[in-house]
Amino acid sequence: MIFNILTIFPHMFPGPLSYSIIGNALKKGIWSLNIIDIRSFAHDKHKTVDDRPYGGGPGMIMKADVIGLAVDHVISNYPNTKLIYMSPSGEKLEQHISRQIIHFSNITILCGRFEGIDKRVLDFYKFREISIGDYVLSGGELASMVLIDSCIRLVPGIIGNYNSLISESFNNGLEYPQYTRPQKWMGLDVPSILLSGNHKKINEWKKKQSYDITLKRRPELTKR
């Protein structure tokens, strides 16, 4: 699986993606990063990638002609790449979207900056817009890392214990509480049911805890 990243800050990568299970998989070549500096496709000596918005307004907009050349470069090498733009206006990233994305062998993520991207780029190339939440970041780079992490960990063989993926949040509501040693800490005990050895009752407790937490914090998930 290859992730192509279109950015004006190529040195931000791999960043956090070089650590833990995701980083180990990157080192082993299970997945790879291809970083493309958008500025290298600018026409002028200053490597300008942005300009003032038509109709007025604050900030600057990333230029369609420059980004278009960068996208064309990727498509010339990977004609079937899946195009994604990280945007607060996009569909909200959820677990099922990450599961969809891992079925593509090549994914291209466009990271915006300033006040955003000239909309014609998104329309012409038919980018899928994805948001990681109802808040705004300084650019799409960190958001792209969140998306990549959420996808790579679902690739078979990345996480050693497959049951970890089955039991975690958003597969069947939010995850139940977890505990480990010591048994007593700051006057707080591990729930006695988890020490009972009765696996049937433990599983029932986990399901109930998961449901109760989901109902309280994310009730819309109980209706799926």
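Biologist: Before we start, what do the numbers rest on?

Modeller: Residues are numbered from 1 along each chain as its sequence is written, and side-chain values use heavy atoms, with hydrogens and water left out. As the model is predicted, local features need pLDDT of at least 70 and side-chain atom pairs count only at pLDDT 80 or more, while totals for chains, interfaces and linings use all residues.

Biologist: How many salt bridges does a search of the whole structure find?

Modeller: Side chains of opposite charge can pair when their charged atoms come close. Here a salt bridge is a side-chain nitrogen of Lys or Arg within 4 Å of a carboxyl oxygen of Asp or Glu. Searching the whole structure on that basis, the number of salt bridges is 8.

Biologist: Which residue forms a salt bridge with glutamate 91, and is that partner buried or exposed?

Modeller: The closest N and O atoms of the pair are 2.6 Å apart, and the partner is arginine 128. Buried means under 20% relative accessible area, exposed over 50% and partly exposed in between (1.4 Å probe, protein chains only). Glutamate 91, at 35%, is partly exposed, whereas arginine 128, at 18%, is buried.

Biologist: What is the relative accessible area of lysine 184?

Modeller: Lysine 184 meets aspartate 189 in a salt bridge, 2.6 Å from N to O. Lysine 184 counts as exposed because its relative accessible area is 53%.
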